Amino acid sequence: MQLPFRFAVNMLTPGSADEWRTRCRRAEELGYDLILVADHLGMPAPFPSLVAAAAATARPRLGTFVLNAAFWNPVLLAREVTTTAALTGGRLELGLGTGYVPADHERAGIPFLPPRERVDHLTRVVEELAGALAGAEGTPRVGLTIGGNGDRVLRLAARHADVMAFSGGRFDGDAPTVLTAGELAEPVEAFAGFEKEAGRPVPAERNLLIQRVLVTEDRAAAAAGFATVVPYLTEEQVLELPIVLIGTVREIVDRLHALRERYGFSYFTVLDGAMEAFGPVLAELRGTTD
């Protein structure tokens, strides 16, 4: 079953109140369905930023993409969720992950635990937030996004998440590497199996974070330029990377349809630096049927 497209912009860049409001309004003008905020030190704080985004806009939904569960006590997080959901008029979508940046933990004075312990904590947070996500009587439910690629996270998402946010890369120690088209298929297929095991009647929406948007008439030249970031890949592999959109507006639209067909991705997130570049792609898609 193919879901309709949704598109989000992940706001990473700090700014003044006026700058923040202007960027959020621009995202709404361009047609983004969601305005998201990450959870890394040096970037905007998620919950106050989302409340400000709600005040500046009327239509987009608002979300965290994704909270580092290690930073949060479940009881205190529940208070943030219920308050932010109320102040955003029920437009909140909560995203959670294990956290993957050791430097964030070091700066915050929070131990960077082994993967198993981080997933254990994420599981506790998800389970203890069930009441806050359900909302008070007469209020909208807060949708849950879980981000990651490991089997235990995929199983957790298959049981609880409305959205499974796949990562197109991984950290081997401190060195990030991107997943090729074939490598990304592995967690996507595993997740489908876990959904069947969970017996959920409706599949989760599948999200992918796009790392680069390059609108160009010369795909080969753009791929060659990006290849310096991933020198271990061929030009053909670069052009096939799911997390990179290279080509004309029409070619990128076709690529999004192909990604939905192959992996089931219907919800795509771009970084704020690509917000304007991706705008014509949104306009082209809105002029056609999803």
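Guide: Welcome! Two residues are in contact when they have heavy atoms within 4.5 Å. The model is predicted: local features need pLDDT of at least 70, side-chain atom pairs count only at pLDDT 80 or more, and totals for chains, interfaces and linings use all residues. Residues are numbered from 1 along each chain as its sequence is written, and side-chain values use heavy atoms, with hydrogens and water left out.

Visitor: Among contacts between residues at least 6 apart in sequence, what percentage joins residues at least 24 apart?

Guide: The count starts with contacts in the chain between residues at least 6 apart in sequence. The share of these that joins residues at least 24 apart is 73%.

Visitor: How many helices and strands are there in the chain?

Guide: Both are DSSP runs numbered from the N terminus: helices are H or I with at least four residues, strands are E with at least two. By that rule the chain has 12 helices and 13 strands.

Visitor: What radius of gyration does the chain have?

Guide: The radius is taken over C-alpha atoms, and the globule rule is 2.2 Å times the number of residues to the power 0.38. For 290 residues a compact globule would come out near 19 Å, and the value for the chain agrees with that: 18 Å.

Visitor: What does the C-alpha trace span, and how much of the accessible surface belongs to carbon and sulfur atoms?

Guide: Along its principal axes, the C-alpha trace spans about 50 × 40 × 40 Å. Accessible areas come from the Shrake-Rupley method with a 1.4 Å probe, and for residues only the protein chains shown count as cover. Out of about 13,200 Å² of accessible surface, the part belonging to carbon and sulfur atoms is 55%.

Visitor: Is H105 buried or exposed?

Guide: H105 sits in helix 4 (residues 102-108). Leaving aside residues up to four places away in sequence, H105 touches N68, A70, F71, I110, P111 and F112. Its relative accessible area is 1%, so H105 is buried.

Visitor: And G273, buried or exposed?

Guide: G273 belongs to the loop between strand 13 (265-271) and helix 12. From D120 it is 153 residues away in sequence and 34 Å away in space, C-alpha to C-alpha. With a relative accessible area of 74%, G273 is exposed.

Visitor: How far apart in space are G90 and L62?

Guide: G90 lies in the loop between helix 3 (74-87) and strand 5 (92-97), and G90 is buried at a relative accessible area of 15%. Not counting residues up to four places away in sequence, G90 touches R61, A85 and P140. G90 and L62 are 28 residues apart in sequence, and their C-alpha to C-alpha distance is 9.2 Å.

Visitor: At what angle do the axes of helix 1 and helix 12 cross?

Guide: Axes are lines fitted to C-alpha atoms, for helices over the stretch in contact, and angles run from 0 to 180 degrees between N-to-C directions. The axes of helix 1 (residues 17-30) and helix 12 (residues 275-286) come within 9 Å. They cross at roughly 20°.

Visitor: Which residues make that contact of helix 1 and helix 12?

Guide: Helix 1 contributes R23, R26, A27 and L30. From helix 12 come M275, E276, G279 and L282.

Visitor: Are helix 5 and helix 7 roughly parallel or roughly antiparallel?

Guide: Angles under 35 degrees count as roughly parallel, over 145 as roughly antiparallel, 65 to 115 as roughly perpendicular and the rest as oblique. The axes of helix 5 (residues 115-128) and helix 7 (residues 151-160) come within 10 Å and cross at roughly 10°. Helix 5 and helix 7 are therefore roughly parallel.

Visitor: What do the buried residues of helix 7 pack against?

Guide: The buried residues in helix 7 include V153, L154, L156, A157 and A158. They pack against helix 5, strand 6 (143-147), strand 7 (163-166) and helix 8 (181-198).

Definitions and conventions: Buried < 20%, exposed > 50% of the residue type's maximum accessible area, 1.4 Å probe, protein only.
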